[in-house]
Amino acid sequence: MGHMVATIASDPAQDRTMILNMGPQHPSTHGVLRLILEIDGETVVRLVPDIGFLHTGIEKTAEAKFYQQVVVLTDRIDYLCPMTNNLCYVLAVEKLLGLDIPPRAQWIRVMLNELQRISSHLVWLGTHALDIGAMSVFLYCFREREELLRIYELVSGQRMMTSYFRVGGLALEPPLNFFPRVKKFADIFPEKVDEYEGLLTGNRIWIDRLKGVGHLNADDAIALGVTGPTLRASGVDWDLRRDMPYSGYENFKFKVPVSKDGDVWARYVLRVQEMRESIAMVQQALAGMPEGPVKAEAPKVVLPEREKMKTQMEALIYHFKIVTEGFTVPKGEVYQAIESPRGEMGYYVVSDGTAKPYRVHMRSPSYVNLQALSKMCEGRLIADVVAAIGSIDIVLGEIDR
Amino acid sequence: MGSLLNWNSAAVQGAAFDRNELSVYIDRAYIREACALLKSKAGVDFFSDLTCVDWHPSEPRFEVVYQLLSRGRKERVRLKVKLMGDDASLETITGVWPAADFFEREIYDLFGVRFLGHPNLRRILMPEDWDGHPMRKDYPVEGYR
C-alpha cells in the first residue's frame with residue numbers, strides 16, 4: 001500500500017497528464033484492487049497497481065499452526081477455488097512426509113478440482129460480463145454456481161471454506177447422493193455453456209469491447225511470469241495438469257485450449273473452452289471412479305475413523321495425539337505447483353522437523369499475473385482497463401494473502 | 001547444474017537433491033549472472049517463485065529462494081542465496097526476469113532484505129509507514145512488539 005505521491009513521480013501540473021485513482025472501492029476492480037492511472041485525455045499513459053488492502057498475514061499465521069490446521073487457512077487465500085488451494089498445500093505436505101494417497105481419494109480430488117475450476121470460471125464470466133455491461137449473464141452463471149456450492153456443501157458441510165482435503169486423503173467418504181448429483185450437474189452443464197455463449201459469443205457489443213483489447217504477446221507473458229489461461233491465450237502451450245501431472249491427472253484425457261491472439265477475447269474463448277474440458281473430465285472421473293479407502297494408511301498423520309475410536313484404544317490415542325500435539329514432518333523443503341483456475345499455484349513448505357511448518361510461502365497466480373496489467377493497458381483507452389482487469393481474473397485474497 | 005559449474009565454480013557453494021527437487025546454493029555476488037546464464041544457456045525459461053526464509057537466530061540468517069522452471073525439460077531448479085543478518089542485501093534479478101519485481105518488493109517489505117538495483121523497492125503489502133518487517137522470526141505473531 002503506497003501513497004500516490006510516491007508512486008507517480010512526475011508532477012501532473014507540469015504537463016498535460018492527469019492522475020486518476022481507481023479503487024479500492026470500485027465495483028469492477030474485483031475486490032480491493034487500487035489502480036493509479038496517469039491519463040492523457042482518454043489514453044492511459046501509466047498504470048500502477050497498489051495492493052495490500054487485504055493483507056492478513058496468512059503466511060505468518062501458518063507458522064504458528066499445526067500442519068493440519070494450516071489447511072483451514074489455505075481456504076481463505078483464493079476463496080473462489082478453496083479446494084484447489086487445499087490440494088496444493090496437502091500435496092506439498094504429503095511430499096514432505098512421503099505419503100501415498102489411495103487412488104479413490106486422488107480421483108475425488110481431481111473431480112472436485114475440476115468442479116472448482118468451473119465454479120471459479122463462472123464467477124469470472126459473470127463478473128466480467130457485468131463489468132462490460134451485460135447484466136443477465138451474471139444471473140445465469142450464478143444459477144449454476146449455486147448448484148456447485150450446494151454440491152460442495154453436500155460433500156464437505158461448507159459452501160465456500162470447505163477444508164475437505166486433508167493431509168493423507170479426504171476428510172470423509174462422500175455421502176451416497178453425492179455422485180448422482182454431480183452426474184446430474186455434469187449432464188446438463190454443457191447446455192448451460194451453450195446458453196452463455198448464445199448470450200455473448202455472437203453479441204456485437206461484446207465482440208467490439210473484447211477483440212483487440214488488452215493485448216499481451218508470448219514473450220512478455222513469459223518474462224512477466226504470467227501463467228494459466230492468460231498465458232495460454234498468448235500462444236504458450238503450457239498446462240501443469242498435462243505437463244507436470246500431479247494427483248493422478250495423468251489418468252485423464254483432456255485438451256489444453258491455446259490461442260495465439262493474446263487479447264481479452266482470446267482469454268474469454270479459452271476459459272469457456274476450459275469449462276467444457278473440465279466437465280468432460282468430471283464425466284471421466286465419475287465413469288472410472290475407483291473403489292477403496294479415501295485416507296492413507298498412516299495412523300500418526302490421518303485422523304482415525306469415528307467408529308474405530310469407539311472400539312479401539314490405539315485409534316483413540318492417535319486421535320488425541322494428532323489433535324493436541326499435531327504430527328511431526330521430517331526436515332526438508334518442497335515446492336509443489338498445481339494448475340489453479342488462474343494459473344500456477346505454488347506452495348513452498350519448509351519443515352524443521354517439528355509439528356508446525358517453519359515456513360509456508362504461497363506463489364499465487366493472481367499476484368504475478370497482475371504485473372502484466374500495465375503492459376496490457378498502457379497506451380490504450382481508459383475504458384479498456386476494466387475489460388483487461390476482468391480478463392486476467394484476479395482474486396485479491398490470494399494477491400494480498 | 002553442469003552448466004553452472006562449468007561457468008564459474010566459485011559461484012556454486014553446494015547442491016542438494018532431496019525429494020526429487022534440486023537445490024543449488026549460489027554465492028550472493030553471482031545470483032543475477034547465474035539466473036541469466038540458466039536462462040540463456042540451460043533452457044531454464046520460466047521464473048516461478050521467489051521467497052525468503054528467516055533462520056533466526058542462526059547465521060547466515062536469511063535464505064533467499066528462487067524457483068525456476070525449464071518448460072522444455074519439465075524440470076524445476078531451486079537456487080538459494082544465504083545472507084548474513086547484518087548485511088541482508090543482494091543484487092536484483094528484475095533485469096533478467098521482470099516477473100521478480102513484485103516478489104522482491106514483497107521480500108523487502110516482509111523480511112527487510114534489500115535488492116540492490118531494483119527499480120522501485122518500496123513496501124508492497126504493508127502500509128508505507130509501517131515499522132518493522134513482519135515475516136521475520138523475531139517479530140511476534142500476536143501482541144505487542
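Predicted model: local features only at pLDDT ≥ 70, side-chain atom pairs only at ≥ 80, totals over all residues.
Student: What pairs with strand β4 of chain B over nine bridges?

Tutor: Strand β5 (residues 75-83) of chain B does, and the sense is again antiparallel for β4 (residues 62-70) and β5. Here B:Tyr66 has B:Leu79 in β5(B) as its bridge partner.

Student: Why are β1 and β3 of chain B called edge strands?

Tutor: Look at the order of this open sheet of five strands, β1-β2-β5-β4-β3, which has mixed pairing. β1 (12-18) and β3 (46-54) each pair on one side only, and that is what makes them edge strands. From one strand to the next, the twist averages 20°.

Student: How do you know that β3(B) is largely enclosed?

Tutor: Count its residues: eight of the nine are buried, so the rest of the structure largely encloses β3(B). A buried residue has 20 or more other C-beta atoms within 10 Å of its own.

Student: Which helices lie on this sheet of chain B?

Tutor: Helix α2 (residues 31-41) lies across β2 (21-26), β4 and β5, running at about 170° to β5(B). Helix α3 (residues 100-111) packs on the sheet as well, touching β3 and β4, and its direction makes about 5° with that of β3(B).

Student: Now chain A. Is A:Ile151 buried or exposed, and how do you know?

Tutor: The cut-off for buried is 20 or more neighbours. A:Ile151 has 20 C-beta neighbours inside 10 Å, so it counts as buried. A:Ile151 is in helix α6 (residues 135-156) of chain A. Leaving out residues up to four places away in sequence, A:Ile151 touches A:Leu115, A:Arg181, A:Val182 and A:Phe185.

Student: What makes A:Val93 and A:Ala388 stand out in the largest nonpolar core?

Tutor: Of its 152 residues, these two touch the most other members. Helix α5 (residues 103-132) of chain A gives this core its largest share, 14 residues. With residues up to four places away in sequence left out, the residues touched by A:Ala388 include A:Val213, A:Leu373 and A:Met376.

Student: Which strands are at the edges of the sheet in chain A?

Tutor: This open sheet has three strands in the order β6-β7-β8, with antiparallel pairing. β6 and β8 each pair on one side only, which makes them the edge strands. β6(A) and β7(A) share nine bridges, and A:Glu333 stands opposite A:Val350 in β7(A). Helix α4 (residues 82-97) lies across β6 and β7, at about 150° to β6(A).

Student: How many residues bring chain A and chain B into contact?

Tutor: 35 residues of chain A are in contact with 30 residues of chain B. Elements of chain A supplying at least two residues each include β6 (332-340), β7 (343-351) and β8 (359-363). By class, this side of chain A has 16 nonpolar, 11 polar and eight charged residues.

Student: What confidence does the predictor give the complex?

Tutor: The complex has an ipTM of 0.90 and a pTM of 0.90. For chain B, the mean pLDDT is 85, and 92% of its residues reach 70 or more.

How values were computed. Residues numbered from 1 in each chain as written. Chains lettered and ligands numbered in written order. Contact = placed C-beta atoms within 7 Å. Helix = DSSP H or I, 4+ residues; strand = E, 2+ residues; numbered from the N terminus. Nonpolar A, V, L, I, M, F, W, Y, C, P; charged D, E, K, R; others polar. Core = buried A, V, L, I, M, F, W, Y, C linked by C-beta atoms within 7 Å. Buried ≥ 20, exposed ≤ 12 C-beta atoms within 10 Å, placed from the backbone. Pairing = 2+ DSSP bridges. Axes fitted to C-alpha atoms, helices over the stretch in contact; angles between N-to-C directions. pLDDT = per-residue confidence, 0-100.
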